[in-house]
Amino acid sequence: MAKSWVNSAERVGADLHLELSGTGGRRAALIAALREAVRDGRLAPGTRLPPYRSLAADLGVARNTVADAYAELVAEGWLTARQGSGTRVADRAAPLPRAGRASPTAPPRTRTSTPAKRTRTSAPTPPAHASSPTAPAHVRAPARTPPRPPLHNLRQGTPDASAFPRAAWLASYRRALQQAPNEVFGPGDPAGRVELREALAEYLARARGVRTDADRIVVCSGFAHALRLLFGGGVLRGPLAVEAYGLPFHRELLTAAGVRTVPLPLDEHGARVDRLGRERAVLLTPAHQFPTGGPLHAERRAAVIDWARARGGVVLEDDYDGEFRYDRKPVGAVQGLDPERVVLLGSVSKSLSPAVRLGWMVLPERYVEGVLAAKGEREAWASVLDQLSLADFLASGSYDRHVRRMRQRYRSRRDRLVAALAAQAPHVEVTGVAAGLHAVLRLPPGTERSAVKAAAWQGVALDGLAGFRHPEADMEAADGLVVGYATPAEHAYEAALGALCRGLPGAL
Ligand SMILES: Cc1ncc(COP(=O)(O)O)c(C=O)c1O
């Protein structure tokens with residue numbers, strides 16, 4: 001067994017520990033060790049590998065052994081070799097997800113073959129309508145997965161991470177830190193910092209028509225945390241009516257908290273709130289139904305408040321897409337209709353980043369104590385320094401500026417998506433695009449699964465509508481693709497659109 005610390009000249013301090021083990025010979029051991037190093041991220045995409053001679057000397061193997069190993073990994077797609085720039089880790093060789101967790105660099109929840117599983121004799125078959133420029137028909141053989149990890153992440157749920165307002169956030173953080181009194185560095189108040197609650201009360205009133213004061217706002221780490229506090233903390237109990245299409249993660253979280261969810265059918269006016277029955281609470285996405293799109297109709301907004309008043313029920317308003325609307329009049333929060341019957345839940349996950357983990361609950365007065373009790377004596381989730389930074393970010397106008405800038409950017413992306421589809425896949429109906437960061441492409445019945453596969457064949461990660469459907473939904477299933485257009489960085493968007501269109505059934 002040979003061991004070596006490989007020193008990449010280009011990444012000072014980025015030593016790589018290669019361990020050659022196994023019984024298959026040194027060449028096979030070196031191939032396995034390099035593959036493993038790429039797969040687990042120790043060798044990042046673009047990293048230049050040492051010249052044959054120096055790695056051979058480090059490991060005590062023949063120069064040809066290293067040359068052969070590199071050549072094999074180039075053939076497999078892990079490495080690239082170019083005259084003059086040496087051998088590098090391929091850009092597409094994304095690290096494998098760790099067991100049980102999605103890799104931060106690979107789009108989550110995608111099942112694809114990894115380069116390691118790719119062999120030249122097992123090229124998979126794309127779905128019937130896929131037209132891959134990289135896979136001539138004669139090399140295709142039966143298999144279930146596309147040939148490489150996705151290159152384009154068009155999953156909904158992530159804003160453009162490259163647009164995080166680093167400088168403005170840093171400025172807010174610095175100001176917050178400079179001005180913070182010493183007591184900030186003690187245990188945090190479970191209600192959240194008053195500076196943030198006041199800034200939120202002002203912002204939500206101004207931008208979303210919310211009626212509240214700082215005392216009825218409790219800071220949390222996002223929407224999912226708010227659900228856990230409300231139901232796991234015993235403030236609310238099921239059964240809970242939910243929209244027939246929604247995020248499975250939230251349904252699973254509720255089920256784990258012992259809450260039965262009852263699906264409400266959807267139509268062109270949003271959730272059928274006339275179907276509410278004996279439930280105690282209803283969870284809605286009134287600003288933009290998630291994921292099918294479209295606001296809750298004004299009559300339904302009024303009707304759900306009537307239901308809550310008559311039945312002593314409560315409306316949970318998920319204001320996820322409230323800030324990103326493009327070409328329709330702003331729709332204020334339902335909460336403004338009756339602050340004692342609605343819990344408004346929001347977070348910065350879409351406006352800033354889901355990594356910040358900051359959210360808010362605007363509560364009817366009677367729930368404030370229960371939610372605070374569920375949080376415990378001290379703030380255990382939301383960093384007080386981040387809370388103060390967000391307070392400054394809101395109060396200084398940086399939040400408004402950022403949202404405005406992003407609204408323009410996302411609108412332009414939405415327009416480019418619609419135009420590309422009109423030109424290249426004109427029979428595909430695009431819906432749900434007046435707000436939010438995703439579109440729903442309606443497909444003919446029975447074609448969704450093959451369309452998701454065809455997209456994967458083009459290197460595109462996206463979800464079909466079926467994955468969002470409540471298992472007990474009492475409405476006709478619709479075939480469609482949920483296309484998140486915010487996720488790719490600006491420079492990668494055009495290529496992502498091209499790949500998406502190529503994979504669509506009947507693309508021109
Ligand atoms: C429908 C919906 N609401 C809210 C959220 C925000 O969740 P959180 O604030 O926990 O990040 C998401 C995120 O995926 C979502 O899909």
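Close-up 1. Helices here are DSSP runs of H or I with at least four residues, strands are runs of E with at least two, and both are numbered from the N terminus. This is a predicted model, where local features need pLDDT of at least 70, side-chain atom pairs count only at pLDDT 80 or more, and totals for chains, interfaces and linings use all residues. Residues are numbered from 1 along each chain as its sequence is written, and side-chain values use heavy atoms, with hydrogens and water left out.

Close-up 2. H9 spans residues 365-375, and its buried residues are Tyr367, Val368, Val371 and Lys375. They sit on the same side of H9 because they cover an arc of only 120° around the axis (the arc of the directions from the helix axis to the C-beta atoms). Turned away from that side are the exposed residues Glu369 and Ala373. Buried means under 20% relative accessible area and exposed over 50%, with partly exposed in between (1.4 Å probe, protein chains only).

**Close-up 3. Around the ligand.** Residues near the ligand (a heavy atom within 4 Å) include Phe223, His250, Tyr320 and Arg357. Aspartate 318 puts a side-chain N or O atom 2.6 Å from a ligand nitrogen.

Notes. A polar contact is a pair of N or O atoms within 3.5 Å; within protein, one must be able to donate a hydrogen and the other to accept it, and residues adjacent in sequence count only if both atoms are side-chain atoms.
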